[in-house]
Amino acid sequence: MELIRMRPEALRGAVKRRAPVLIPFGATEYHAEHLPLGTDTLIAEGLCRRVAKRAGAVLAPLIPYAPTMHWAGGSRDGDVDFPPDALSPYLEAMFQSLINMGFRRIYVVCGHQGRDGMPATLARAALHRVQ
């Protein structure tokens, strides 16, 4: 079930049964001439959709933009890039909102590789919310 399509009664039911929330997260960036710019997001979203359906999880909206560090391309190639610190407040607020709704099992499925940029920003935001 998709979070954005749920009515309040369905939300309360999902929280009561301790349903996990899956958040597909990727970057919009260059992946070579033969792949779409949304490769990371398409992989994360496809995986989350399948898992949510099988596990009865709640599918949160896709987050399609993240720091890319211009690893393989640049703006002219389709990268949407910004500093990691610009993303942290958004992620922290998103995690807090899900916690305030009553969710306790929140999983981010990251379709972007690497330890810098997006994954590091996710980890910092999640740890900040837990403390």
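The structure is a predicted model, in which local features need pLDDT of at least 70, side-chain atom pairs count only at pLDDT 80 or more, and totals for chains, interfaces and linings use all residues. Residues are numbered from 1 along each chain as its sequence is written, and side-chain values use heavy atoms, with hydrogens and water left out.

The protein chain contains four helices and three strands; helices (H or I, at least four residues) and strands (E, at least two) are DSSP runs, numbered from the N terminus. From the N terminus on, these elements follow the order α-β-α-β-α-β-α. Of the 131 residues in the protein chain, 37% are buried, where buried denotes under 20% relative accessible area, exposed over 50%, and partly exposed in between (1.4 Å probe, protein chains only). The accessible surface of the chain comes to about 7,900 Å², and carbon and sulfur atoms account for 56% of this surface; such areas come from the Shrake-Rupley method with a 1.4 Å probe, and for residues only the protein chains shown count as cover. Among contacts (heavy atoms within 4.5 Å) between residues at least 6 apart in sequence, 70% join residues at least 24 apart.

The three strands form an open sheet with the order β2-β1-β3 and parallel pairing; two strands pair if DSSP finds at least two bridges between them. The edge strands, β2 (58-59) and β3 (106-110), each pair on one side only. Strand β1 (residues 21-25) runs parallel to β2 and is joined to β2 by two bridges. Within this pair, Val21 stands opposite Val58 in β2.

Helix α2 (residues 39-55) packs on the sheet, where α2 touches β1, β2 and β3, and the direction of α2 makes about 165° with that of β1. Axes are lines fitted to C-alpha atoms, for helices over the stretch in contact, and angles run from 0 to 180 degrees between N-to-C directions. The buried residues of α2 are Thr39, Asp40, Thr41, Ala44, Gly46, Cys48 and Ala52, and they pack against β1, β2 and β3. Just after α2, Gly56 adopts a positive phi of about 70°.

Helix α3 (residues 84-101) has 18 residues and reaches 26 Å from its first C-alpha to its last, close to the 26 Å expected at 1.5 Å a residue; the expected span is 1.5 Å times one less than the number of residues. The buried residues of α3 include Leu87, Leu91 and Phe95.
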